[in-house]
Amino acid sequence: MHPILRLCGFVTLFAVLCQAKPACPNTLAFYNPNLRTTCYNATWFILPVPKSSVQAVVPYPLITPPFSDKTLFPTGFPANTHPVYVSIGYQNDIRMESLQIPALLSASIYVPYTDRLRDGKTPFNYAVQNYIGGVDGKDLEAGVPAGVATITGTTVLVGFFAPNNDAYAPTGSNPSEFSAQVKQVIVPNPISGPSVRPSAIDLNFITAASASSALYTERTFRVFINQAQILTNLLCQRNTYYFNETFAEPRLRSGNATLYPPLAGSVPKELGGR
């Protein structure tokens, strides 16, 4: 079982935690009209993965995280492993100047503490894989945003999400247990239904019994997700998340994440089956 933190926020250049409702308001767009902003309701998992498997995916050296820092790792971290974090969430009211998108679903797999500068001390996030999808079954609406993101330095695949109109949903057997899934859309078929959509990520979780029993803290997630992201064009970008909105309501969760083996550029084999 791996603790996670369920967050909401303004993502890409600004972010903030928010409540469980997917359609939280984008209150930053007014003050930052030239920056891409959105309200993001997301769930993050931290997974301990063998360091050799992570290094096989990342083309830069890895920095050993401060595992002795009890404010980040209260119980330490498994030996010979490196953290990988996985997220699935709902982006509402996406804005940048006159460009606006009502909502998109997104998922990511990142490796924090990547040594992009090779100085042994400055941590970056390396994007293993990113997915975005349209809401209410409109997968193809994500095609243009995915293409633009890929051209500007963040490789993004089109995905199908379940639930398709929320950040997560209760499981049928237990109303206090939640799940979220993403599948890569390889061959869409919006007319008759059947299509080629191999599984990429499954999340299944419950609310943690107490913060004192969690393997990680709220600060752990803030430190991870606010590290600058390495782009494919040799530049970097910091996705800044704010946590001070009145509707912010973070929750520590506990559950399982499954990353599926690769197909047509999906999850790398080194991370499959986690």
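Is Y241 buried or exposed, and what is its relative accessible area? Y241 is buried, with a relative accessible area of 11%; buried here means under 20% relative accessible area, exposed over 50%, and partly exposed in between (1.4 Å probe, protein chains only). The structure is a predicted model, in which local features need pLDDT of at least 70 and side-chain atom pairs count only at pLDDT 80 or more, while totals for chains, interfaces and linings use all residues. Residues are numbered from 1 along each chain as its sequence is written, and side-chain values use heavy atoms, leaving out hydrogens and water.

Three helices and 12 strands are found in the protein chain, where helices (H or I, at least four residues) and strands (E, at least two) are DSSP runs numbered from the N terminus. Of the 274 residues in the protein chain, 51% are buried. Among contacts (heavy atoms within 4.5 Å) with a separation of 6 or more, 69% come from residues 24 or more positions apart. The accessible surface, from the Shrake-Rupley method with a 1.4 Å probe, comes to about 12200 Å², and carbon and sulfur atoms hold 57% of that surface.

Strands pair if DSSP finds at least two bridges between them. Strand β2 (residues 37-50) runs antiparallel to β3 and is joined to it by 13 bridges, with F45 standing opposite V86 in β3. With β4, β3 pairs in the antiparallel sense over 11 bridges, and here R95 stands opposite Q100 in β4. The hairpin of β3 and β4 has two residues between the strands, and E97 takes a positive phi near 55 degrees there.

Helix α2 (residues 143-151) has P145, A146 and A149 as its buried residues. These residues cover an arc of only 100 degrees around the axis, which puts them on the same side of α2; the arc is that of the directions from the helix axis to the C-beta atoms. V144 and I151, on the other side of α2, are exposed. Packing of the buried residues of α2 is against β4 (99-114), β5 (124-133) and β6 (157-162). After α2 comes G153, with a positive phi near 120 degrees.

The aromatic residues return the account to Y241. The whole structure holds 18 aromatic pairs, counted when ring centres of Phe, Tyr and Trp (its six-membered ring) lie within 6.5 Å, with planes under 30 degrees apart called stacked, over 60 edge-to-face and the rest tilted. W44 and Y241 make an edge-to-face pair, at 5.8 Å centre to centre and 80 degrees between the planes. Because W44 lies in strand β2 and Y241 in the loop between β11 (236-237) and β12 (251-259), the pair ties together parts that are 197 residues apart in sequence. W44 is also buried, at a relative accessible area of 2%. One aromatic cluster is formed by F67, F73, F77, Y85, Y110, Y113, Y216, F221 and F224.

Finally, N164 sits in the loop between β6 and β7 (169-170) and counts as buried at 13% relative accessibility. A polar atom of the N164 side chain lies 2.9 Å from the backbone nitrogen of D136, and a polar atom of that side chain lies 3.0 Å from the backbone oxygen of F161.

Methods:
Polar contact = N/O pair within 3.5 Å; in protein donor to acceptor, adjacent residues only side chain to side chain.
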